[in-house]
Amino acid sequence: KGKCPEDGWDESTIELFLHELAIMDSNNFLGNCGVGEREGRVASGLVARRHYRLIHGIGRSGDISAVQPKAAGSSLLNKLTNSVVLDVIKLAGVRTVTNCFVVPMATGMSLTLCFLTLRHKRPKAKYIVWPRIDQKSCFKSMITAGFEPVVIENVLEGDELRTDIQAVEAKIKALGAENILCVHSTTSCFAPRVPDRLEELAVICANYDIPHIVNNAYGVQSSKCMHLIQQGARVGRIDAFVQSLDKNFMVPVGGAVIAGFSESFIQEISKMYPGRASASPSLDVLITLLSLGTSGYKQLLKERKEMFSYLSSELKKLADTHNERLLDTPHNPISLAMSLKNLDENNDAAVTQLGSMLFTRQVSGARVVPCGSVQTVNNYTFKGFMSHANDYPCAYLNAASAIGIKKQDVDVFLKRLDKCLKTCRKEAKKENSVNEISNSNTGTEQLEE
């Protein structure tokens, strides 16, 4: 049926299934005589076993979705993977999605592929309207495709940074709809930025007949992000949404899923990919979904949501004890932010020092964001880089509850963060005392003179 099984398969069943697919590829035929330049020959037995002897990859030289006659098993693997992933995207909340395909590139390059496909539909267009998110790969995806990003600054509402809908529409009018390739919006993001107002953006795109590409990097794991995409497509226009395989399905980095509501447009994107492609990302995600089943994946989504609530409540308690606060970002369902205002005011270097202290204590993924850092990316200068705004009111620390996180991860993180904050505060007090003594000595010397 091409759907993810409800109950996961055991490993031996999955391996038997993969071996059955592999013996359908010509390089594994007993009497095969290969005289071409690509015959699935592998020098290392270890490499062959690592790939279950599925060596031919996916697609043909002109189309990543095409069936390869001498690799029937690999072709079937590709078709099944796309079908199973589509089923899981529907299960995660985007019910009306019609087509998707796994592409062996991470999110940034997959976005580039979408933009390059739109180029043929809108030859005059040279701009991409992009509500700002301080993450390099999605910004570079537009530059790499040869377009000029038009950065729309976010608006501060309480602690949250939200989409400036009026600024988006004003910019479309100023540039002219025909000169704009698309609106490039974002769902999953680091707090205090929250998912873009997808419904309003989708309506604007429909009204001005402008394509809309959504960066849904790690949004499949969030029912809120998926609901925004579903609603956006219902009330307006969303042409494609792109998500990472590793962030949403816990597989190695190197793959993404491009999905959408027009079967023909998603096929156009797949045909834009030049040549064959690695089957590794497809193989990894198929094995994972067959082992989890829909029940296993739903359980992971449920646990992630529970851990988000737990992380939120415990981080708030910790913030209170250090005279800081958990920033109020109710529209962000994955990422949280805790202010570092007191730390920042006492010592300029203390904020960045906290980040390095956490990293050396094996806390990965927590981002410490100081005030006022400036970064240039491809000749574009961003003030307040990493904070998604030119002047966010305070320095802060990010932590996220992503799929696969355990209670132990949260508890150990909070314990180590507490110790690091105490150490930073002690050092800041010492430095202040030294400065006070130094100042008082200077004053005495001046009096004596």
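Buried area is the accessible area, found with a 1.4 Å probe, that two parts lose on being put together, summed over both. The size of an interface is often given in this way, as the accessible area lost when the parts come together. In this predicted model, local features need pLDDT of at least 70 and side-chain atom pairs count only at pLDDT 80 or more, while totals for chains, interfaces and linings use all residues. Residues are numbered from 1 along each chain as its sequence is written, and side-chain values use heavy atoms, with hydrogens and water left out.

The chain is assigned two parts: domain 1, covering 11-29 + 43-292, and domain 2, covering 297-431. Such bounds come from an automatic or database domain assignment. The centres of the two domains, taken over C-alpha atoms, are 28 Å apart. Between them, domain 1 and domain 2 bury about 3,400 Å², and 64% of this area is on carbon and sulfur atoms. On the side of domain 1, the residues that lose the most area to domain 2 are Asp 134, Asp 159 and Gln 221, which together account for 19% of what that side buries.

Counted by contact (heavy atoms within 4.5 Å), 39 residues of domain 1 meet 40 residues of domain 2. A salt bridge here is a side-chain nitrogen of Lys or Arg within 4 Å of a carboxyl oxygen of Asp or Glu. One salt bridge is counted between the two domains. Asp 159, already named for its lost area, forms a salt bridge with Arg 325, with the closest N and O atoms 2.7 Å apart.

Several elements of domain 1 each supply at least two residues to the side that touches domain 2, among them helix H3 (72-92), helix H5 (136-144) and helix H8 (223-235). Helices (H or I, at least four residues) and strands (E, at least two) are DSSP runs, numbered from the N terminus. H5 gives the most to this side, with four residues.

UniProt, in an unreviewed entry, lists a "binding site" at Arg 60, Ser 61, Gln 68 and Arg 276. These positions are spread over 217 residues of sequence but cluster in space, the largest C-alpha distance being 9.6 Å. Ser 61 is in the loop between helix H2 (45-50) and H3. UniProt annotations may be inferred rather than shown by experiment.

The whole structure holds 16 salt bridges. In one of them, Glu 306 pairs with Lys 302, the closest N and O atoms being 3.0 Å apart. Both residues lie in helix H11 (residues 280-321), four residues apart, about one turn of the helix.

Some backbone details remain. Most residues other than glycine have a negative phi, and most peptide bonds are trans. The peptide bond from Ala 191 to Pro 192 is cis, with omega near 10°, and Pro 192 is in the loop between strand E6 (180-186) and helix H7 (198-208). Asp 209 has a positive phi, near 55°, and is in the loop between H7 and strand E7 (212-215).
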